Amino acid sequence: MGGPRTRGRFAAFTAFTAIAAALAFPAPALAFEDGAQPPTADPEVAAQENNDAVADQATASPAAQDDVLVVTARRRNETLQDVPGAVTAVGGESLDTLAVTDLRALSGRIPNFSVEQGTTSSSASQIFLRGIGIDNTGFNTDPNVGVYIDDIFVGRLIGSMVSAVDLERIEVLRGPQGTLYGRNSTAGAVKYVTRRPDLNDTSARLVATVGNFNRRTLRGTVNVPLIPGELAVMFNAQTHTEDGYITLFDATGNDTGLQGNGRDVLDARVSVLWQPTEELSVYLTGDLTRNRSGLQSLTPTNCAALGTRPGLTANGTIGQISAGQFERCPLFYNNPYASFIGPFPYDDPRFDSRGASASISYDLGFATLRSITGARGFNDVFASPLFAKPPPNVQVNLRNELQQSSFQQELQLASSGDSWLGYIAGLFYYHEDIRSIYQSQVGAATTIPYINDDRQLTDAYAAYGELYIRPVEGLELTVGGRMSWDEKQVERLLFSSPTATTPSLTYSDDISESHFTPRLGISYDTGPVLFYATYSEGYRAPGWANANPANLVGMQLEFGIETESSYEVGVRSQWFDRMLTLNASAFSAEYNNLGATLTAGGQTIVVTSDARIQGLELEGNLRPMQGLNIFGNLALLEDEYINPPQGQPYAMRLKHAPRTTWLLGADYETAVGAMPGRFFIGGDVNYVSSAFRNVANTIDQQSDAYTLVSARIGYRAEGDRWSLTLGGTNLTDEVYWLLGTQNQARSYQAPRRVFLTAEVRF
């Protein structure tokens, strides 16, 4: 897609970068004596300073530095290995080496962690942690993996596919985060931490990536100290375009010349860091995203060709059901990368978002007081011929317009130092206003669509705290809890056609819920080995179960509060002067009223169940010689329904929960002869076992096991002034799919991709 739209993205990017560069170099910045940064009250600034220092002194690959990153998973600064829990962090240098543009690139690199793009929206991420997640982009469903951008909650799946624009790191917290993070984090949390401006050094950075499928990625960063040592501003921008890999056919079977599942995204961000004194730190950000990636397409199957078989119907009686329940169906086009374009214009899908945040920290001496304020919002349109087959096949054509705005205010008080008693306490408020206009055409191509016009208001309040008791050296006891209150109001209108001006049905209601989530923990640190055990709970807010109902019963349908209780034991260890890092965790979790999404008759519905999940996770790094890093992870998962979803007689296992996943890789970095700089080479192999991709556990929607191979090779100049990286993903061109819908279609993932990245720093 190298036409006017692509050229427009690059023109906008160039203009943004040119303006930033003009501001960047009026005068040189003055550094502090000995290059030291002033002390700061902001934990994220302190973490970044530490991580930059580690990177500057490193002689190994960026991935080898990730286990010494300073993180804020517990809302305070700790090295990753000192966190008594299942936390993995990936630093910005590693993200750059992998040419990461969004979170999907980290699937498999973190145990029991998978991220895929939403089936109908390129701006939505479907994140599953330890087999738990949600794949419904509707207004009515909250996530159960919390996503945070600089501690600002992203309340929807739409907008959660955050671009990796000069991130300092990404932290992934596995298991319920019911105390410090709260609502809608029953499975865990993902924290995007953006890079703070440097108060002393004027700098600029340009990263360009080209690849097959006409990939063009350009990212720029400019840092300007306005008052050296006190006030600085940073500008970031990225444009990313890539042709799709799904060929789209029209109703007559002709190739339209268009490709589904492409990317066309522009991101821009500005941030300001002000530290007028050692005690006060103010961090302000503003960001914009514009996404015009076009239709996101599924690959149709042809279960109708196999007919029906005797089996259990939804009410438990014997009847004729789709043969797809028992066997794999053929592809409709006999091609995993082919689909029907449907009735919607190719460029109908669009996404625009904006956000602003302010983090103010003040060191009181005995504690740090922090205020976190944020506002976010988006306008989104997705359009999908969900069954992806031309007439006269049954049509399920969906178009959803979403308008969302949210506001968050949080206050924290965290103790200073490392005395025998530490604490953190906070107050939290979140407000969301979201409107959904959902057009659904179900049946023949001539069927008149109906319209759902819904508006939901949410107010969430919480008070939380944790105590850290250290009676003897190395031993820490954690006692914490969070009290949460949720209030939701909904107004629902149903119109019989797109031209109707008077609703045929109306409905309004409200839901109020309160819940307490405790956390207990014990850890003992011997130095090289940290042992820990935790008990924690989480919850997800209740809501309305049907995103696009066709009748009053569907409009009224609700699902209740989802809760989880989890036990976990683990060990984090480093041996032989950090030559070997080994981490392990074992967990057992029970979910009550666990929500999952299915499509029935063209309607997206949340069904609930009770489930038990147990697992084992291993992570390791071995550095047997300077420059060589061997890394890997292994995740084992066992899941079962205690009470399966109603109306699903064949449901035995959770969807998107592979029993076994592993990754094994290595990076090597070295100087060659007298040449300045360093050469590097690396690669990894990622295995994912078979998994069901729908609630009903149909064989047609059971994906096969697959193995992905990635590799990279490149050169970094002395002082990291510039670098070149040649890499590729899915190098064996594995054909695999991860998502599906109702024995009708599958979401096949991208074939082999190769890229070349050049980076220059000024």
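The largest nonpolar core holds 35 residues. Here a nonpolar core is a set of buried Ala, Val, Leu, Ile, Met, Phe, Trp, Tyr and Cys residues joined through side-chain atoms within 4.5 Å. Buried means under 20% relative accessible area, exposed over 50%, and partly exposed in between, with a 1.4 Å probe and protein chains only. The model is predicted: local features need pLDDT of at least 70, side-chain atom pairs count only at pLDDT 80 or more, and totals for chains, interfaces and linings use all residues. Residues are numbered from 1 along each chain as its sequence is written, and side-chain values use heavy atoms, leaving out hydrogens and water.

**Nonpolar cores**
- Leu103, Phe113, Ile127, Ile170, Val190, Tyr192 and Leu654 have the most contacts inside the largest core.
- Strands 4, 5, 7, 9, 10, 33, 34 and 35 each supply at least two residues of this core. Strands (E, at least two residues) are DSSP runs, numbered from the N terminus.
- Strand 33 gives the most, with 4 residues.
- Beyond its neighbours within four places in sequence, Phe113 is in contact (heavy atoms within 4.5 Å) with residues including Leu103, Ile127, Val172 and Val190.
- A second, separate core has 21 residues, among them Leu80, Val83, Leu173 and Tyr468.

- Strand 3 runs antiparallel to strand 9 (residues 167–174), joined by 5 bridges.
- Ala89 has Glu171 as its bridge partner in strand 9.

- An open antiparallel sheet of 3 strands has the order 18-43-42. Two strands pair if DSSP finds at least two bridges between them.
- Strand 18 (299–300) and strand 42 (737–741) are the edge strands, each pairing on one side only.
- Thr299 stands opposite Arg746 in strand 43.

**Nonpolar surface patch**
- A nonpolar patch of about 860 Å² includes Leu206, Trp722, Leu756 and Phe762. Its residues have over 30% relative accessible area and no salt bridge, with nonpolar side chains joined within 5 Å.
- Strand 41 supplies the largest share of the patch, 3 residues.
- Leu756 lies in strand 44. Leu756 counts as partly exposed because its relative accessibility is 40%.

Technical notes:
Patches are made of residues with over 30% relative accessible area and no salt bridge: like charges are joined within 9 Å, nonpolar side chains (Val, Leu, Ile, Met, Phe, Trp, Tyr) within 5 Å. Accessible areas come from the Shrake-Rupley method with a 1.4 Å probe; for residues, only the protein chains shown count as cover. A salt bridge is a side-chain nitrogen of Lys or Arg within 4 Å of a carboxyl oxygen of Asp or Glu.
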